[in-house]
Amino acid sequence: NDSCEYLLSSGRFLGEKVWQPHSCMMHKYKISEAKNCLVDKHIAFIGDSRIRQLFYSFVKIINPQFKEEGNKHENIPFEDKTASVKVDFLWHPEVNGSMKQCIKVWTEDSIAKPHVIVAGAATWSIKIHNGSSEALSQYKMNITSIAPLLEKLAKTSDVYWVLQDPVYEDLLSENRKMITNEKIDAYNEAAVSILNSSTRNSKSNVKMFSVSKLIAQETIMESLDGLHLPESSRETSAMILMNVYCNKILKPVDGSCCQPRPPLTLIQKLAACFFTLCIIGYLIFYIIHRNAHRKNKPCTDLESGEEKKNIINTPVSSLEILLQSFCKLGLIMAYFYMCDRANLFMKENKFYTHSSFFIPIIYILVLGVFYNENTKETKVLNREQTDEWKGWMQLVILIYHISGASTFLPVYMHIRVLVAAYLFQTGYGHFSYFWIKGDFGIHRVCQVLFRLNFLVVVLCIVMDRPYQFYYFVPLVTVWFMVIYVTLALWPQIIQKKANGNCFWHFGLLLKLGFLLLFICFLAYSQGAFEKIFSLWPLSKCFELKGNVYEWWFRWRLDRYVVFHGMLFAFIYLALQKRQILSEGKGEPLFSNKISNFLLFISVVSFLTYSIWASSCKNKAECNELHPSVSVVQILAFILIRNIPGYARSVYSSFFAWFGKISLELFICQYHIWLAADTRGILVLIPGNPMLNIIVSTFIFVCVAHEISQITNDLAQIIIPKDNSSLLKRLACIAAFFCGLLILSSIQDKSKH
């Protein structure tokens with residue numbers, strides 16, 4: 001349905017001063033955005049003192065310094081010469097001949113018409129005529145004569161009739177006591193009936209601005225005189241007007257109200273054709289396989305009466321697995337598109353409360369503790385433990401996103417540590433693999449890159465989003481390549497070669513030192529960083545909104561943590577090789593004295609960091625310190641989790657299950673759990689937030705798990721172990737990406 005109609009007529013308060021329109025998201029316009037939208041535009045407000053209030057609030061979106069002063073019962077002009085925006089208030093407190101003449105002038109062809117007209121009046125008629133029935137009859141006659149003029153204007157301009165807000169009768173002064181809610185309802189009914197019936201065979205082009213009534217019902221008690229709304233309510237109504245007019249022009253991501261569905265790009269159409277062909281191909285395979293199975297059914301021996309079984313092994317071909325995987329992926333991508341590109345499902349704004357964040361956190365922690373099992377091995381950061389770590393971190397990040405907790409700075413700082421911890425694991429895990437295995441072959445690199453990037457590449461195509469939009473995957477991908485290049489470059493130093501030789505260990509530390517210098521150089525040389533990543537084709541991958549600043553900011557925010565992970569892995573593996581650590585089941589990692597001392601230091605460090613993060617007041621300053629100090633809490637957690645033998649011997653299977661699909665969960669949330677590219681919340685079941693979150697979460701987790709399986713299946717087929725076959729596949733993949741980049745460049749030029 002038309003979300004504009006819902007925006008103008010329905011909604012609810014999520015909290016104090018936070019209005020949620022029914023079915024769509026409302027954008028909060030900044031000064032620059034408002035001016036950009038309204039450049040060379042003329043907006044006219046016609047009516048009484050309530051319309052004047054709306055005029056002031058609307059103008060303050062463009063110019064917050066505009067003062068409410070001057071004679072109240074006269075016209076008030078406003079003009080912003082920098083944007084050529086003109087907003088006028090025309091004092092016409094009654095629907096009468098004077099208002100009709102003002103509107104009639106605009107209907108003449110020779111006169112410039114306002115682009116937006118906002119009109120409304122009634123309370124003066126009630127007040128002057130003491131609420132008489134004759135006044136209501138006259139009102140009906142006057143609005144009937146004005147209706148055709150408004151309808152004519154509505155063919156070329158946006159015309160809104162503001163219905164009258166309720167009053168708070170207890171606060172009304174004696175000379176306004178006749179303005180009752182019963183009278184206001186009667187006048188509103190008359191206006192709606194006449195204006196909606198002004199065209200015989202089609203829907204009226206004059207839009208009813210009735211949402212202010214709902215806003216007033218919740219806030220009129222805060223009125224100073226019982227008649228005029230408090231400033232916060234007026235600001236909400238003005239912002240709704242701005243959304244109605246500007247959303248279709250500027251198309252803000254978090255302003256889904258009044259936005260049409262974006263047209264399909266050429267790449268999206270080609271993707272749809274590809275998935276359709278895969279579905280048809282798989283169905284043909286399935287039918288052939290089913291018919292072959294029927295022919296090979298067991299037959300009955302006529303002499304013995306026993307069944308003879310025809311045992312025929314029919315191995316599943318790689319082509320069938322490929323088609324089946326792309327068939328399932330195509331259906332999943334159709335769901336992604338319907339959720340976050342087509343205007344099929346509703347979307348709502350986020351609204352943060354402490355309970356909406358902390359109650360789910362407590363709930364998942366209880367579940368995580370309840371489902372615990374013994375680990376297969378008791379080494380530091382064993383596989384079950386790292387899966388558990390990824391799992392609970394990912395669940396906390398998901399709750400952080402859906403609750404809108406980014407507005408609460410202490411929570412934001414702790415979430416930054418969780419993202420850093422994930423990158424720490426990247427440094428630790430990949431360094432450990434290359435150091436121990438010494439496998440620098442192209443197959444290993446391609447497997448990792450495929451598993452990291454497959455889903456994101458598909459989403460970039462289907463959802464028409466740049467690669468950098470899914471910032472975490474580019475971040476992990478680049479850091480993986482940095483780790484690989486650092487260790488693969490001559491001289492290749494691995495554990496077998498070093499074998500306790502201090503010279504080789506020193507050589508590796510020298511490599512890590514050069515890596516640290518390179519990181520520092522890029523971190524403090526924004527120009528050099530931007531020159532590197534602005535080169536084509538890197539620019540196509542790392543640019544967002546026409547520049548690489550966002551990528552530089554994301555990379556710089558956690559610039560040292562991967563290095564810290566590599567250094568920790570080196571120190572840990574060196575200590576393990578020298579048998580300094582006790583990693584037996586139930587044994588503390590060090591001697592009792594050292595273990596207790598390190599545990600005490602770790603707990604103090606962990607709490608100190610938490611106190612600092614919770615007391616953080618300035619986001620920019622805290623972000624500047626974060627890269628250097630985040631490792632403190634990460635190391636403290638690792639030691640607390642691994643020094644006691646009993647803690648190292650158990651893990652949460654609940655968290656570990658989510659940890660295995662953590663990457664898919666992080667990416668899928670963008671479009672099928674959250675909405676409008678993470679700015680809002682997807683609504684599958686309107687009117688019941690709790691049931692909606694249960695259903696959407698269930699589908700979201702199932703889809704993430706299925707995509708993980710599909711990625712694993714495709715990785716086995718697309719990335720073969722044979723080097724010659726792999727090189728041919730890589731040539732095909734390179735050709736595919738070249739074609740994709742060319743098509744993307746053509747699309748960008750056509751847009752501009």
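What follows is a close look at the interface of domain 1 and domain 2, with its setting and some details of the chain around it.

Modeller: This is a predicted model, in which local features need pLDDT of at least 70 and side-chain atom pairs count only at pLDDT 80 or more, while totals for chains, interfaces and linings use all residues. Residues are numbered from 1 along each chain as its sequence is written, and side-chain values use heavy atoms, with hydrogens and water left out.

Start with the whole chain. Its C-alpha trace spans about 100 × 80 × 55 Å along the principal axes. The secondary structure comes to 29 helices and 15 strands. Of the 752 residues, 51% count as buried. Buried means under 20% relative accessible area, exposed means over 50%, and partly exposed is in between (1.4 Å probe, protein chains only).

The chain is assigned domain 1 (2-250), domain 2 (345-719) and domain 3 (721-751). Such bounds come from an automatic or database domain assignment.

Now the interface. The C-alpha centres of domain 1 and domain 2 are 51 Å apart. Where they meet, 11 residues of domain 1 are in contact with eight residues of domain 2. Contact means heavy atoms within 4.5 Å. About 870 Å² is buried between domain 1 and domain 2, with 60% of it on carbon and sulfur atoms. That area is the accessible area (1.4 Å probe) that two parts lose on being put together, summed over both. On the side of domain 1, L14, S23 and M25 supply 55% of the area buried against domain 2, more than any other three residues.

One salt bridge is counted between domain 1 and domain 2. R12 and E348 form a salt bridge, and their closest N and O atoms are 3.1 Å apart. The rule for a salt bridge is a side-chain nitrogen of Lys or Arg within 4 Å of a carboxyl oxygen of Asp or Glu.

Polar contacts come next. Five residue pairs are in polar contact across this interface, with both residues at pLDDT 80 or more. A polar contact is a pair of N or O atoms within 3.5 Å; within protein, one must be able to donate a hydrogen and the other to accept it, and residues adjacent in sequence count only if both atoms are side-chain atoms. On the side of domain 1 that touches domain 2, β1 (11-15) and β2 (18-21) each supply at least two residues. By class, that side has six nonpolar, four polar and one charged residues. Nonpolar covers Ala, Val, Leu, Ile, Met, Phe, Trp, Tyr, Cys and Pro; charged covers Asp, Glu, Lys and Arg; the others, Gly among them, are polar.

In a salt bridge between D80 and K35, the closest N and O atoms are 3.3 Å apart. D80 is in strand β4 (residues 76-80) and K35 in helix α2, so this pair ties together parts 45 residues apart in sequence. D80 is buried, at a relative accessible area of 9%. K35 is partly exposed, at 24% relative accessibility.

R234 and E68 meet in another salt bridge (2.7 Å, N to O). R234 lies in helix α9 and E68 in the loop between α3 (49-62) and β4, so parts 166 residues apart in sequence are tied together. R234 is buried, with a relative accessible area of 9%, while E68 is partly exposed at 39%. A network of salt bridges links K60, E68, E231 and R234.

D40 gives a backbone detail. Its phi is near 60°, a positive value in a residue other than glycine. D40 sits in the loop between α2 (31-37) and β3 (42-47). D40 is exposed, with a relative accessible area of 52%.

The W490 to P491 peptide bond is cis, with omega near -5°. P491 is in the loop between α16 (472-488) and α17 (495-498). The peptide bond from W536 to P537 is cis as well, with omega near 10°. Most residues other than glycine have a negative phi, and most peptide bonds are trans.

Technical notes:
Helices (H or I, at least four residues) and strands (E, at least two) are DSSP runs, numbered from the N terminus.
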